[in-house]
Amino acid sequence: MKRIAVVGAGGMGMFHCRTIAAMPDVELAMVADPFLSEAARALGVPVSTDPLSAAGGGWDGVIVASTDETHSELTLAAIEAGSRVLCEKPLSHDVPGAVAVVEAEARTGHRLVQTGFMRRF
């Protein structure tokens with residue numbers, strides 16, 4: 001069973017939560033958002049108001065669906081913890097953040113990060 005954490009529980013994050021919950025052999029292991037909604041709390045999974053800690057939790061996968069300016073930091077935390085990451089667009093709100101993510105992934109020697117654009121994929 002693959003354990004996935006979703007960071008960001010707004011519209012896009014909740015879309016991912018519902019998708020994961022419907023998948024066989026995949027567990028929605030945690031949802032994190034500094035401002036957790038009742039809908040996120042009602043999912044029946046552990047919740048956190050500390051997105052950075054959740055992203056670095058060492059999950060099989062992390063979905064980053066938080067606000068744009070947090071994407072690179074959360075993705076870097078997930079990479080450092082050895083998790084695969086689906087980061088909703090954009091990868092970063094600035095070029096140095098995007099470069100840091102690409103370089104961190106390259107240092108692992110593995111492809112760990114995918115940038116999502118749900119309207120296309």
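**Helix α4 and its surroundings**

Tutor: In this predicted model, helices α4 and α5 are roughly parallel to each other (an angle under 35 degrees; over 145 is roughly antiparallel, 65 to 115 roughly perpendicular, the rest oblique). The axes of α4 (residues 71–80) and α5 (residues 95–108) cross at roughly 10° and come within 9 Å; axes are lines fitted to C-alpha atoms, for helices over the stretch in contact, with angles from 0 to 180 degrees between N-to-C directions. Helices (H or I, at least four residues) and strands (E, at least two) are DSSP runs numbered from the N terminus.

On the α4 side, Ser72, Thr75, Leu76 and Ile79 take part in the contact (heavy atoms within 4.5 Å), meeting Gly97, Ala100, Val101, Ala104, Glu105 and Thr108 of α5. This contact has five nonpolar, four polar and one charged residues; Ala, Val, Leu, Ile, Met, Phe, Trp, Tyr, Cys and Pro count as nonpolar, Asp, Glu, Lys and Arg as charged, the others, Gly among them, as polar.

The sheet is open and has six strands in the order β3-β2-β1-β4-β5-β6, with parallel pairing (at least two DSSP bridges per pair). β3 (47–48) and β6 (113–116) are the edge strands, each with a single partner, so one side of each has no neighbour in the sheet. α4 packs on this sheet, where it touches β1, β4, β5 (84–88) and β6, and its direction makes about 170° with that of β5. Strands β1 (residues 2–7) and β4 (residues 61–64) run parallel and are joined by four bridges. Val6 stands opposite Ile63 in β4.

Ile63 also belongs to the lining of the largest pocket, and is among the residues closest to its centre, with His16, Ile20, Leu86 and Gln114. That pocket has a volume of about 440 Å³. β1, α1 (11–21), β4, β5 and β6 each supply at least two lining residues. By class, the lining has 13 nonpolar, five polar and four charged residues.

Residues are numbered from 1 along each chain as its sequence is written, and side-chain values use heavy atoms, without hydrogens and water. Local features need pLDDT of at least 70 and side-chain atom pairs 80 or more, while totals for chains, interfaces and linings use all residues.

Terms used
1 Å grid on protein atoms, 1.4 Å probe; cavity = no way out; pocket = protein on both sides within 12 Å on 5 of 7 lines; lining within 4 Å. Points joined across faces, edges and corners; volume = space filled by probe spheres on them.
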